Amino acid sequence: MASIVKPGHKTRGVLNYLYGPGRANEHTNPHLVASFDGFAPDPGRDPDATLAQLADVLDLRVKQAGARAPKNHVWHCSIRAAPEDRHLTDDEWATIARRVLDATGIAPAGDPDACRWVAVRHADDHIHIVATKVRGDLRPPRNWNDFLRADNELVAIEKEYGLRQVPRGDRTATKRPTRAEQEKARRTGNTRTSREHLRTVVRTAVSAATTTEEFFRLVEGAGALIDVQYFPSGDVRGYKVALDGDTNAQGEPVWFSGSTLAADLSYPKIAERLTATGPTHAERSEVPAWRRLSRAVDQIPDHLALNEDNAGQAHIAVLAETLDVLPLLAPAGLRPQLLQAATVFERAGRSRIRAHHQQAQATRRAVKAILREPAPKDGALLVIVLDALLLAVIAAQHWHHTRNHTQQAEAARQSAAHLRTAYEAAATEPLAVLRRRGTHLAESLRRRQEFTLRRALPELAEQILAEPGWTALAATLARAEAAGHNPSALLTEATARRETATATSVSEVLTWRLHRLADLTADTTSSAPATPSASYGPTNTSQQRRMR
């Protein structure tokens with residue numbers, strides 16, 4: 001992987017770091033593996049060479065250009081191999097450096113006027129390339145879009161050298177915390193940087209809010225300061241957030257605009273998602289929000305199978321919102337895994353495909369509605385939602401994979417693993433209840449359900465009957481039949497709409513699918529509604545909201 005840092009103006013300062021001990025004495029045997037002419041002085045191997053001499057050689061043309069030289073003339077690129085890769089030789093690293101310099105336009109192959117450069121190695125797994133951005137004709141190099149050019153060249157290098165082929169992104173990933181932010185978090189005893197903490201706060205507030213005003217209020221109530229900017233017309237122009245107590249050297253809050261937290265957290269993107277999120281007439285019914293959510297999430301795999309990219313991206317975005325709010329309402333024992341699932345899936349929620357959010361507003365309304373109703377007392381309803389979410393995340397993984405979104409597909413895969421752990425923990429007690437019901441079924445009724453299973457799913461029947469979950473499925477089939485449903489038709493529909501080959505327990509999967517299809521959950525809502533502010537976090541009256 002290549003990392004090109006922001007251009008600087010101190011050649012000697014960069015060299016001091018590369019030839020020095022490092023921040024934690026991690027630099028060993030620093031030396032040149034290549035240079036622009038093969039004769040640059042190497043303070044690491046030549047006892048008569050100095051860093052001042054090397055800096056003077058690199059800066060020669062900068063001094064010749066005088067005022068025409070760019071202010072920040074130092075180009076610095078590090079290239080790192082994966083931990084599992086073999087150790088490359090100095091000659092191999094030298095070749096890699098030349099290819100990257102050629103690809104970026106810093107030093108095109110065969111160009112006698114190319115920029116001056118050196119490649120320094122002070123560890124087994126990476127090198128640093130330092131160049132000064134003045135050519136021999138005293139013009140700047142044409143290195144526009146150098147990171148993408150370098151990355152494309154490294155894709156070819158990985159294949160040719162037999163190295164790990166790193167999944168490439170589409171430039172929609174969030175900005176990583178800077179080294180300074182990471183060191184500040186360590187000094188203050190925080191496991192996450194302010195940027196990462198605020199990203200979670202804002203993302204969760206967006207998922208919970210129905211209006212932009214409510215969004216601002218929820219951010220305030222979650223341990224953050226918010227500064228909203230307005231146009232002269234009075235319309236909102238944007239916003240920035242800071243953690244209460246996180247200050248710079250001048251004692252001022254460290255602000256982050258929404259777009260610097262993530263591309264989809266800019267104010268225009270948030271406003272687009274919060275448009276028309278009020279309940280429709282059809283949704284103002286007696287059907288509890290949790291049931292509506294389970295139905296909506298259950299349909300996401302079907303939407304993703306339609307190959308309508310813009311609508312598919314919208315459904316994946318609202319799937320991310322569902323994962324964001326679920327930890328607020330789940331039992332404490334499930335929250336760590338659910339938080340991990342949401343955090344990891346955040347990367348899967350965005351791609352270069354523009355989401356048509358109106359296509360997924362029904363699911364979004366259901367997500368927001370569960371925050372305004374009490375959490376279900378019946379654990380089975382939560383399990384049904386988790387089961388539907390797991391299937392939807394797996395479908396999102398497949399959707400991204402077929403579009404070569406490697407980072408998003410991997411994020412969805414990791415999220416599914418966390419969701420599966422949470423599901424298994426949540427399902428233990430409800431499944432035990434269903435199994436007890438199944439063991440108490442009359443023999444004639446149990447035989448009828450077995451006959452129904454063999455007739456509807458002859459290929460899966462023996463496997464299901466041998467699973468511990470069969471008694472729970474039998475109880476569910478009996479309950480569906482008592483509610484007026486056709487058990488055989490339900491089984492056929494449950495397997496026709498979703499694959500079961502990857503299921504650890506087919507009987508468990510079918511149990512929860514039948515609960516959703518036949519709407520077998522009891523109405524456990526009470527008359528005391530919850531409010532999003534109470535669910536999301538307490539209001540901190542010491543925090544300030546500044547408007548301008």
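Strands β2 (residues 31-35) and β4 (residues 116-121) pair in the antiparallel sense over four bridges, where pairing requires that DSSP find at least two bridges between two strands. Helices (H or I, at least four residues) and strands (E, at least two) are DSSP runs, numbered from the N terminus. Within this pair, Leu32 has Val120 in β4 as its bridge partner. Strand β2 is also mostly covered, with five of its five residues buried; buried stands for under 20% relative accessible area, exposed for over 50%, and partly exposed for values in between (1.4 Å probe, protein chains only).

The model is predicted, so local features need pLDDT of at least 70 and side-chain atom pairs count only at pLDDT 80 or more, while totals for chains, interfaces and linings use all residues. Residues are numbered from 1 along each chain as its sequence is written, and side-chain values use heavy atoms, with hydrogens and water left out. The protein chain has a mean pLDDT (the predictor's confidence in each residue, from 0 to 100) of 89, and 91% of its residues reach 70 or more.

Turning to helix packing, the axes of α3 (residues 90-104) and α4 (residues 146-161) come within 8 Å and cross at roughly 145 degrees. Here axes are lines fitted to C-alpha atoms, for helices over the stretch in contact, and angles run from 0 to 180 degrees between N-to-C directions. On the α3 side, Glu92, Thr95, Ile96, Arg99, Val100, Ala103 and Thr104 take part, and they meet α4 residues that include Arg149, Leu154, Ile157 and Tyr161; contact means heavy atoms within 4.5 Å. By class, this contact has eight nonpolar, two polar and six charged residues, with Ala, Val, Leu, Ile, Met, Phe, Trp, Tyr, Cys and Pro counted as nonpolar, Asp, Glu, Lys and Arg as charged, and the others, Gly among them, as polar.

Helix α10 (residues 289-298) is largely enclosed by the rest of the structure, because nine of its ten residues are buried. Among them are Trp290, Arg291, Arg292 and Asp298.

Asn307, in the loop between α11 (300-304) and α12 (309-329), has a positive phi near 60 degrees and is exposed, at 58% relative accessible area. Asn404 lies in the loop between α15 (379-402) and α16 (406-439); its phi is likewise positive, near 60 degrees, and at 65% relative accessibility Asn404 is exposed.

pLDDT stays under 50 over residues 522-535 and over residues 537-548. Where pLDDT is low, the predicted coordinates should not be read in detail.
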